[in-house]
2 protein chains.
Amino acid sequence: MGRPKSFDVDDVLEKALRLFWERGYEATSISDLERVMGLRPPSIYAAFGNKETLFKTCADRYVERYSGYVVEALTKEPTAAEAVMRLLSDTVDAYVHDTQPRGCLVVSGAIHCPDMDEGPRLVLEQYRKATEAAITTRIVRGQEEGDVPKDVSAPMAAKLVATVMQGFSTQARDGAGNEDLHRVAKLAVEALGLSVA
Amino acid sequence: MGRPKSFDVDDVLEKALRLFWERGYEATSISDLERVMGLRPPSIYAAFGNKETLFKTCADRYVERYSGYVVEALTKEPTAAEAVMRLLSDTVDAYVHDTQPRGCLVVSGAIHCPDMDEGPRLVLEQYRKATEAAITTRIVRGQEEGDVPKDVSAPMAAKLVATVMQGFSTQARDGAGNEDLHRVAKLAVEALGLSVA
DNA sequence: CTCCTTTTTTATCGATCACTAAAGAAAAAG
DNA sequence: CTTTTTCTTTAGTGATCGATAAAAAAGGAG
């Protein structure tokens, strides 16, 4: 019962996500969000709490809707080398894409926040670390299955992959071309030495 | 003639630089700068213009005082492979250092600014691109001098190195250890295939 | 000393920040 | 219909943003 919402929650959330993605947490004001969401402040606060909880909701949405390729790449390929190659390749396509803001919300969305130990920055940091951990797990699996040499340090190889992904976000925002970054991704994987022989 | 300044310009500039380095351009307020510089607003504005020009002055200072290792690494080593190895190694030491803020001001100091086409963000972007260009130049030189295979794409190899450096800034801010990043740097260089045979 | 220049201090400025109280409007329930 | 519930609109809150006007203070020049 009661008066029904005049807007579609999913729709306005997508618009907020796009703005946070483009401008980052701190540089996006409630006033900016009002404009793109087409809502007055009380509607925003009633529906999403406050700016920080709205951002967290958007971050979760980003991971669900725009980062699916990470798990996809790490689970759908037969070898760790192929998984990592696909991961980096799909990352490039996600970061340099005509219909999306450049770069990654998780990497570049909240670098500097007043409090390092809580808030948006920490949420994204946890997502970054979860990604790196997932890569480590995939490489370890490769070693168990025999497609990755045992002398490779899975955590360090994974950290290099994560580092390259994070660097790609800056590169994408600086205007790097899709094709160039694909070549860089290929170079990076070759240097990893993940394939046996 | 006239009343002499009550503060040392170099000294307060260093303090402003450290704060921008730690918190980034947008998250650092004039009020914060007042506190660490020990100055009242009119003194800051009279000496440094406004917040944006103060940041640019700090960015220039950062490059001069804390990024000297880049040119050093690219000019003082006999081969491109050694130059790149030293560059990444010194980058790790610069980004994870007990007496300095973690990460890089040029990479992480101004990700999101209202105007993409001017202001702090653009200044840092230009520094990032200058670094990548310098790496390219060094690798090309290696090819001319015969220590880098001719079939390597210098621009792409340089972009990978720049990407890893940029990723290191995020890694450093996320708490990665100095030793771990050194291992990652070594991995990255090995994968580059810059050495002939 | 007095004058002149520059810097300091004090006290703000208007704009914008994130956020909200209160009243009006739109639906379902009775 | 009236009542109840929920949402939207209007209009603002105090706090902080970057930046400044005006006056007091500290030096050198004469």
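**Two chains and a DNA strand**

The largest share of the surface near DNA strand C comes from H3(B), with 4 residues. Here, "near" covers any residue whose C-beta atom, placed from the backbone, lies within 6 Å of the strand; helices are DSSP runs of H or I with at least four residues, strands are runs of E with at least two, and both are numbered from the N terminus. The model is predicted, so to speak of local features takes a pLDDT of at least 70, and side-chain atom pairs count only at pLDDT 80 or more, while totals for chains, interfaces and linings use all residues. Residues are numbered from 1 along each chain as its sequence is written, and chains are lettered from A and ligands numbered from 1 in the order in which they are written.

Around DNA strand C sit 23 residues, the closest being Ser29(A), Lys51(A), Gly2(B), Arg3(B) and Pro42(B). At least two residues each come from H2 (30-37) and H3 (41-48) of chain A and from H3 (41-48) of chain B. This surface splits into 11 nonpolar, 7 polar and 5 charged residues, with Ala, Val, Leu, Ile, Met, Phe, Trp, Tyr, Cys and Pro taken as nonpolar, Asp, Glu, Lys and Arg as charged, and the others, Gly among them, as polar.
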